[in-house]
Amino acid sequence: MKTTDNTILITGGGSGIGFEMAKLFSKNNTVIITGRNENRLKEAASQLENTHYIVSDITKEKDINSLAECIETQFPNLNVLINNAGRAIVHDLIEKEGNAHDKALDEITTNYLSTIRITEKLLPFLSTKREAAVVNVSSVAALVPSHILSTYSASKAALHSYTQSLRHFLKDSSVRVFELMPPLVNTEFSKEIGGEKGIHPSVVAQDLFNALTENKFEVHIGDTAAIYQLSLSSPKEAFNVMNN
């Protein structure tokens, strides 16, 4: 797939992985970043060329409807959707406070259900383009769960399954479906779980760029490749590595 002259929407594009994607692609594409924090989006867009921002909470249906209307009127050439926005909460499955369900609902809604909603809303629009893509950012935890991120892992596993099905469903269309599976990444998002030990988010952005040029649809970034292979040969050992 081409990596220039696209119009690209990146959810959660104001920081972390999303910002690095915007930074890389804004050089030769039109980029729209979206998120809930207008100040963060405004600051991010001001640092980049060819970049616009739209304030939108992807967990709210009315915001997605408004976002889709804005895209249709202001950015009719949109042909790439990058579902990057995510939520991770470190918590126990069984909690004394009894609110594990509420935290899980937050993660499932942000990481999985919202992706389905925005993709479904924009797919008819993307499908009219000669060359288009949906990119879902999942995680190594989609392959092997982390016990301290149990429902985050479950939400990413669900996203992985959905992405495979969506790719099959769209195989005869103009829309290609990509999935990025990063390991630990050094962002504010992952600070609570030792993100400073992770890879730089620019690595994820570059691997997406490479995947688009090579039409590589499932991308195991960094240590994810080793975890994936280990999960095939010894699932128990892979689980132990993830949870050691």
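**Close-ups of a predicted model**

View 1. L9 has L81 as its bridge partner in β4. Here strand β1 (residues 7-11) and strand β4 (residues 80-83) run in the parallel sense, paired over three bridges. To count as a pair, two strands need at least two bridges between them according to DSSP. Strands are DSSP runs of E with at least two residues, helices are runs of H or I with at least four, and both are numbered from the N terminus. This is a predicted model, so local features need pLDDT of at least 70 and side-chain atom pairs count only at pLDDT 80 or more, while totals for chains, interfaces and linings use all residues. Residues are numbered from 1 along each chain as its sequence is written, and side-chain values use heavy atoms, with hydrogens and water left out.

**View 2. The whole sheet, strand by strand.** Seven strands make up an open sheet with parallel pairing, in the order β3-β2-β1-β4-β5-β6-β7. At the edges sit β3 (51-55) and β7 (218-220), each pairing on one side only. From one strand to the next, the twist averages 15°; angles run from 0 to 180 degrees between N-to-C directions, and axes are lines fitted to C-alpha atoms, for helices over the stretch in contact. Helix α2 (residues 38-46) packs on this sheet and touches β2 (30-35) and β3, its direction making about 175° with that of β3. Also packed on the sheet is α4, which touches β1, β4, β5 and β6. Contact means heavy atoms within 4.5 Å.

**View 3. β6 beside β5.** Over six bridges, strand β5 (residues 132-137) pairs with β6 in the parallel sense. Strand β6 (residues 175-181) is mostly covered, with six of its seven residues buried. Buried means under 20% relative accessible area, with over 50% exposed and anything in between partly exposed (1.4 Å probe, protein chains only).

**View 4. Helix α1 under cover.** Seven of the ten residues in helix α1 (residues 16-25) are buried. They are I17, G18, F19, E20, M21, A22 and F25.

**View 5. α4 alongside α5.** Helix α4 (residues 100-126) packs against helix α5 (residues 150-169) at about 20°, their axes 7 Å apart. On the α4 side, the contact includes A104, I108 and Y112, and on the α5 side Y152, L159 and L166.
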